[in-house]
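Below is a briefing on one protein chain for a reader who has not seen it before.

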Amino acid sequence: MAVIKKLAAAIGLFAVAGTAVAKTVTTPQPRTPIKHLVVLILQDQSFDRYFGIYPKALNLAGENAFHAAKDTPQVDGFTKQILQHNPNLSNPYRMAPQEPTCDSGHGVYAEKRSYNHGRNNMFIWKDYDISSGINDDGCFPNSVMGYYDGNSVTALWNYAQHYAMADHLFASNYTTEAGGMVDLIAGTNKGVLPKLSPGVSFRDSLIQDNPPRYDDASKGRFKVSYTRKNIGDLLNHRHVTWGYFSGGFQPSGWTKPGKAELSGKSLNSQGSLITNYQPISEPFQYFAATANPHHLPPSSIAMLGHSDKAHHQYDLRYFWKALERDQLPSVSFLSPKTGQSGRVGVSSPKDEQAFIVKTINHLMTSPAWKSTAVMIVWSYNDGWYDHVTPPNKPKAMNGIGYGPRLPFLLVSPWAKHNYVSHRQLDQGSVLKFIEYNWGLGVLGQHTADKFAHSLRGMFDFAVKPDVTPLILSPNTGLVRKAAS
């Protein structure tokens, strides 16, 4: 009998007084020192808009001063030719610190046309009212050429100085804001249902911001969904804890049929009242298997990251509860409320900076920091100018090609110091790291994660990590307490 019990334990089975046997659940151990991955998802920026002039800041009087370290590596950014003899109708121009912009309104095909087969000379369109000089989105056409420097996006430049960034990470597709969010969790936004509905291309991809079918907050007739797998399915299959934490996800109440009502709004830094939650910013709501349509709370704090009625979809405040109790899920996706998302027209770099810095400051001062990596990603570039033509996509991916270049930062005790990766990466590289670290497999034969290059080269797991926190000011992005 003792031998039988030992054998049962070895193969994960146990028996109780001759009753049915049950299989124990095992969770894979991470393959790297990263036990907690936190992915901060922002919106609507191109690489050149935030880092085109990096690491040179103008440092005018009254602005946040930024001075780069002498050994700062160069990025594939602006050259003298690009700044002074740009092939577009306007040269790139520096925007005032924290200057907000309106939405340029670039769609999928418009973005592709901007690159004009590698000439990169059609970012400024001529379709505007000549009398006012303003296009139908209320923007000056040349505003698409505006960029910030370290006097505005100060925190991001400071993180780049102390940790790692990539200057050749591309969107996995030419797509919309909603499509970019789906790409980040599923490796593709193909397979939209119903097919050929408004907002869906003949390739069954999103070309408009159709809201998710499985969300009570979604409005309009043309809601869409997917039946393919997303990264949540792979994590669930291997019993790896995870969660998607959204700003404003908590309902103000529920109707008698149990439908969630979401009406929360907050002021942004410009004093505008902005709706906190946007359904298109919660990509897991497009998938029945991972959706929480009625925005139900978790059954308990102890169940955060585990499968229950919340289906791993939570309000952002639950992330802080998990951090306070030192029980972060293995993988956490964080999406701020709309007014802090970086979304143009409703959120400035200052709003976005406040969210990023507060989140990372809290993580750095927690016990989990020594085994944590933060990846700062953007879902979509909204048509802003970037001088690097997206590369061709492998034929096996069965798509229309990589989309525009996006910013990407890795903040971790294990990240290389003041490092710039020039390797070709894409949004699927984030999925690839998750899949590798927890041994999940891939999402499909034609998805970005299968073909993406690894970003493990941005880590240095061979040296002792520097866990000294780099505490920044959420308001200015300036260093309060420097890492060693």
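In this predicted model, a polar atom of the serine 347 side chain lies 3.5 Å from the backbone nitrogen of serine 341. A polar contact here is a pair of N or O atoms within 3.5 Å; within protein, one must be able to donate a hydrogen and the other to accept it, and residues adjacent in sequence count only if both atoms are side-chain atoms. The serine 347 side chain also reaches the backbone oxygen of glycine 339, at 3.0 Å.

**Basis of the values**
- Residues are numbered from 1 along each chain as its sequence is written, and side-chain values use heavy atoms, with hydrogens and water left out.
- Local features need pLDDT of at least 70 and side-chain atom pairs count only at pLDDT 80 or more, while totals for chains, interfaces and linings use all residues.

**Around serine 347**
- Serine 347 sits in the loop between β16 (331-335) and α9 (349-364); helices (H or I, at least four residues) and strands (E, at least two) are DSSP runs, numbered from the N terminus.
- The relative accessible area of serine 347 is 7%, so this residue is buried (under 20%; exposed is over 50% and partly exposed in between, with a 1.4 Å probe and protein chains only).
- Not counting residues up to four places away in sequence, serine 347 touches Asn268, Thr338, Gly339, Gln340, Ser341, Gly342 and Glu352, where contact means heavy atoms within 4.5 Å.

- β16 is largely enclosed by the rest of the structure, because five of its five residues are buried.
- One side of β16 carries Val331, Phe333 and Ser335 and the other Ser332 and Leu334, and all are buried.
- β16 pairs with β3 in the parallel sense over four bridges; two strands pair if DSSP finds at least two bridges between them.
- Valine 39 has phenylalanine 333 of β16 as its bridge partner.
- β10 and β16 run parallel and are joined by five bridges, with phenylalanine 245 partnered by leucine 334 of β16.

- α5 (residues 154-162) packs against α9 at an angle of about 40°, with the axes 9 Å apart; axes are lines fitted to C-alpha atoms, for helices over the stretch in contact, and angles run from 0 to 180 degrees between N-to-C directions.
- α5 and α9 are therefore oblique to each other (angles under 35 degrees count as roughly parallel, over 145 as roughly antiparallel, 65 to 115 as roughly perpendicular and the rest as oblique).
- Thr154, Ala155, Leu156 and Tyr159 of α5 meet Glu352, Gln353, Ile356, Val357, Ile360 and Asn361 of α9.
- Helix α6 (residues 177-186) is mostly covered, with ten of its ten residues buried.
- The cover over the buried residues of α6 includes β3 (36-42), α7 (231-237), β10 (242-246), β17 (372-378) and α10 (428-437).
- Glycine 187, which follows α6, has a positive phi near 80°.

**Nonpolar cores**
- A nonpolar core is a set of buried Ala, Val, Leu, Ile, Met, Phe, Trp, Tyr and Cys residues joined through side-chain atoms within 4.5 Å.
- The largest nonpolar core has 111 residues, and Leu40, Phe51, Tyr159, Ile231, Ile376, Phe408 and Ile434 touch the most other members.
- Another core, of five residues, lies apart from it and has Phe170, Val388, Met397 and Tyr402 among its members.

**Whole chain**
- The protein chain has eleven helices and 23 strands.
- Of its 484 residues, 57% count as buried.
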